[in-house]
Amino acid sequence: MAVVRLPDPRAASSDAHGRHRTRHTHPRTEYYLAVTPHTDDRLIGFARLGLSGVQAAKLGAAIAADHWRCGYALDAARTIIHFGFTTLGLHRISGAIGPDNAASIALVTRLGFTREGRLRDHVFTNGAWRDSILYSLLAHEWETSCRPQTSSPQATVTKD
Ligand SMILES: CC(C)(COP(=O)(O)OP(=O)(O)OC[C@H]1O[C@@H](n2cnc3c(N)ncnc32)[C@H](O)[C@@H]1OP(=O)(O)O)[C@@H](O)C(=O)NCCC(=O)NCCS
């Protein structure tokens, strides 16, 4: 299992220009889990929940390419989804994924998300509009399916 940790919320709160980082927005609008390998403390990826709407959030995740297919994203996503539905009291978590992003589609499918449909010209990227496939997971679906495994990651996640 991956080691998944929440960055220290007491870390510096502004960049060189004095701009505050988003995690210090009140009320907080996004949560990140940092992913490190079993062996050391290098950052190799993250999972994110961006709060959006009423008791709803958008899921995001990325893992360094040389660590793909090792279960890190699945582990991190499970952990932050569980945090979202329990600690944050979310009702719905969604993900909008490019139609060609087979890895992300496999990830949300594995997590029990339901495909809702196609968002036309949803994202402007690389000079062109791109559709997204919208997936979602509801709290009661999580309760009956994809809770964290018994060998859960070494994560301590708090709301603040
Ligand atoms: C999507 C991403 C986060 C997956 O990370 P990962 O750590 O390799 O994923 P995992 O190893 O946890 O795999 C999760 C599931 O997806 C499957 N999967 C992962 N990559 C896959 C691929 N390229 N093709 C098909 N299935 C894939 C795995 O087999 C696993 O399913 P299984 O448990 O049934 O075998 C990673 O590919 C990534 O960072 N991509 C670039 C960023 C990105 O696209 N982020 C999403 C934006 S919304």
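Student: What percentage of the 160 residues of the chain count as buried?

Tutor: 25% of the 160 residues count as buried. A residue is buried if 20 or more other C-beta atoms lie within 10 Å of its own, exposed if 12 or fewer, and partly exposed in between, with C-beta atoms placed from the backbone. Keep in mind that this is a predicted model: local features need pLDDT of at least 70, side-chain atom pairs count only at pLDDT 80 or more, and totals for chains, interfaces and linings use all residues. Residues are numbered from 1 along each chain as its sequence is written.

Student: How many helices and strands does the chain have?

Tutor: Three helices and seven strands. Helices (H or I, at least four residues) and strands (E, at least two) are DSSP runs, numbered from the N terminus. From that end the order is β-β-β-β-α-β-α-β-β-α.

Student: Why is α1 called largely enclosed?

Tutor: Of its 15 residues, 13 are buried, so α1 is largely enclosed by the rest of the structure.

Student: What makes the buried residues of α2 line one face?

Tutor: Ser104, Leu107 and Val108 are buried in α2. Seen down the helix axis, the buried residues fall within an arc of 90°, so they line one face. The arc is that of the directions from the helix axis to the C-beta atoms. On the other side of α2, Ala102 and Thr109 are exposed.

Student: What covers the buried residues of α2?

Tutor: The cover includes β4, α1, β5 and β7. After α2 comes glycine 112, with a positive phi near 95°.

Student: Why is histidine 67 called partly exposed?

Tutor: Histidine 67 has 16 other C-beta atoms within 10 Å. Histidine 67 sits in the loop between β4 and α1.

Student: Which residues is histidine 67 in contact with, leaving aside its neighbours within four places in sequence?

Tutor: Pro37, Ile44, Gly45 and Tyr72. Two residues are in contact if their C-beta atoms, placed from the backbone, lie within 7 Å. For glycine 45, 22 residues away along the chain, the C-alpha separation from histidine 67 is 9.0 Å.

Student: How much of the contacts with a separation of 6 or more comes from residues 24 or more positions apart?

Tutor: They account for 57% of those contacts in the chain.

Student: What makes arginine 69 exposed?

Tutor: Arginine 69 has 9 other C-beta atoms within 10 Å. The limit is 12 or fewer, so arginine 69 is exposed. This residue also lies in the loop between β4 and α1.

Student: Why does asparagine 126 count as exposed?

Tutor: Asparagine 126 has 6 C-beta neighbours inside 10 Å, so it counts as exposed. Asparagine 126 is in the hairpin of β6 and β7, with two residues between the strands, and takes a positive phi near 50°.

Student: How do you know that β6 and β7 pair?

Tutor: Two strands pair if DSSP finds at least two bridges between them. Eight bridges join β6 (residues 114–125) to β7, and the strands run antiparallel. Leucine 119 stands opposite serine 132 in β7.

Student: Which sense does the pairing of β5 and β7 take, antiparallel or parallel?

Tutor: Antiparallel, over six bridges, with β7 spanning residues 128–138. Alanine 96 has leucine 134 in β7 as its bridge partner.

Student: What makes up the two faces of β2?

Tutor: In β2 (residues 30–36), Tyr31, Leu33 and Val35 form the covered face, while Glu30, Tyr32, Ala34 and Thr36 form the uncovered one. β2 pairs with β3 (residues 45–51) in the antiparallel sense over six bridges. Alanine 34 stands opposite phenylalanine 46 in β3.

Student: Which residues come nearest the ligand?

Tutor: Trp68, Ala73, Leu74, Ala103 and Ala106, of the 20 residues around it. A residue is near a molecule or strand if its C-beta atom, placed from the backbone, lies within 6 Å of it. β4 (56–63), α1 (72–86), β5 (92–97) and α2 (102–110) each give two or more residues to the shell. The largest share, six residues, comes from α2.
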